[in-house]
Amino acid sequence: MSYFPERPDQNLHAFAFSHLSAERSRMPQKPLVIWMTGISASGKSTIADALDMALQARGRLTCIIDGDSVRSGLCRDLGFTDSDRDENIRRVAEVARLMLDAGLVVIVALISPSAASRHYARAIIGNEHFVEVHVDAPLETAEKRDPKGLYKKARLGLIKHFTGIDSDYDVPIFPEVHVDTQTLSVEQSVATILDWVARNDECT
Ligand code: ADP
């Protein structure tokens, strides 16, 4: 039973492309989706950027999918209601899976507030290739940082459904990696994630 309704089209038959399974095992890097979840201003984009640089320095082919970028393109028709957020996450997960099939290490930086939709993203991508990273910071810290002035607007009621203010964030219970950006520097968070990748990457 999936979280999102299946498309009721009986005439779709996905072709079993042979490269998807046969070649993946011979790739020089283990394709991964590093899915960063956390409230706004917790540090997802900042850490994604530094992690991207660090992975490229290690010869990895990478791609970042950032929440704000997809919302101005792929998902620009979506708002911030629960169902639109779920659809946003579904689309990102499907794109990440295509990039995974191309052999990339995909870094997703997306609030992804609901545990159910993160679970669904994991199901789309496949547990073996999905690394959930909780980029964690207390709400007060994130609100003090407020690099885009969004918390201020949300407190004034100018933005509705803002995670942490008038919309819930389901704290991940068993993420593969947890980084507390109140106590860790950006470099320390990146090192923590790289350490997990190194311990779980047979190509390292
Ligand atoms: P998000 O993508 O989660 O909304 P951003 O990365 O856009 O968050 O913003 C986080 C802000 O917090 C940036 O301005 C960043 O410089 C700042 N910051 C301060 N300390 C840290 C830290 N230890 N880790 C990550 N970001 C930090």
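**View 1. The whole chain, before we zoom in.** Buried residues make up 45% of the 204 residues in the protein chain, where buried means under 20% relative accessible area, exposed means over 50%, and partly exposed is in between (1.4 Å probe, protein chains only). This is a predicted model, in which local features need pLDDT of at least 70 and side-chain atom pairs count only at pLDDT 80 or more, while totals for chains, interfaces and linings use all residues. Residues are numbered from 1 along each chain as its sequence is written, and side-chain values use heavy atoms, with hydrogens and water left out. The chain has 8 helices and 5 strands; helices (H or I, at least four residues) and strands (E, at least two) are DSSP runs, numbered from the N terminus. Read from the N terminus on, the elements go α-β-α-β-α-α-β-α-β-α-α-β-α. Take the contacts (heavy atoms within 4.5 Å) between residues at least 6 apart in sequence: 75% of them join residues at least 24 apart.

**View 2. Strand β3 and its two partners.** Why is strand β3 largely enclosed by the rest of the structure? Because 5 of the 5 residues of this strand (residues 105-109) are buried. In a regular strand the side chains alternate between the two faces of the sheet. In β3, both faces are covered: Val105, Ile107 and Ala109 are buried on one side, and Val106 and Val108 are buried on the other. Two strands count as paired if DSSP finds at least two bridges between them. β1 and β3 run parallel and are joined by 5 bridges, with Met36 having Ala109 as its bridge partner in β3. Strand β2 (residues 62-66) also pairs with β3 in the parallel sense, over 5 bridges, and here Ile64 has Ile107 as its bridge partner.

**View 3. The annotated binding site.** In an unreviewed entry, the UniProt annotation "binding site" covers Gly38, Ile39, Ser40, Ala41, Ser42, Gly43, Lys44 and Ser45. From this set, Ser40, Ala41, Ser42, Gly43, Lys44 and Ser45 are in the lining of the largest pocket. A word on how that works: on a 1 Å grid over the protein atoms alone, a pocket is an open set of points where a 1.4 Å probe fits, with protein on both sides within 12 Å along at least five of seven lines, and lining residues have an atom within 4 Å of a point. UniProt positions use the numbering used here, feature names are shortened, and annotations may be inferred rather than shown by experiment.

**View 4. Two serines from that site.** Ser40 sits in the loop between β1 (32-37) and α2 (44-57). Ser40 counts as buried because its relative accessibility is 9%. Leaving out residues up to four places away in sequence, Ser40 touches Ile111, Ala142, Leu150, Tyr151 and Phe162. Ser45, on the other hand, is found in helix α2, and with a relative accessible area of 36% Ser45 is partly exposed. With the neighbours up to four places away in sequence set aside, Ser45 touches Asp66 and Ala109.

**View 5. Around the ligand.** Which of the 15 residues around the ligand come nearest? They are Ala41, Lys44, Ser45, Thr46 and Leu184; a residue is near a molecule if one of its heavy atoms lies within 4 Å of it. Now look for polar contacts, meaning pairs of N or O atoms within 3.5 Å. A polar side-chain atom of Lys44 lies 2.7 Å from an oxygen atom of the ligand, and a backbone N or O atom of Ser42 lies 3.2 Å from an oxygen atom of the ligand.

**View 6. The annotated active site.** UniProt lists Ser112 for "active site", again in an unreviewed entry. Ser112 is in the loop between β3 and α5 (115-125). Is Ser112 buried or exposed? At 3% relative accessibility, Ser112 counts as buried. Not counting residues up to four places away in sequence, Ser112 touches Trp35, Met36, Thr37, Ile89, Arg118 and Tyr169.

**View 7. Leu61, out on a loop.** Leu61 lies in the loop between α2 and β2 and, at 57% relative accessibility, counts as exposed. Leu61 touches Gln29, Leu104 and Val105, not counting residues up to four places away in sequence.

Notes:
Polar contact = N/O pair within 3.5 Å; in protein donor to acceptor, adjacent residues only side chain to side chain.
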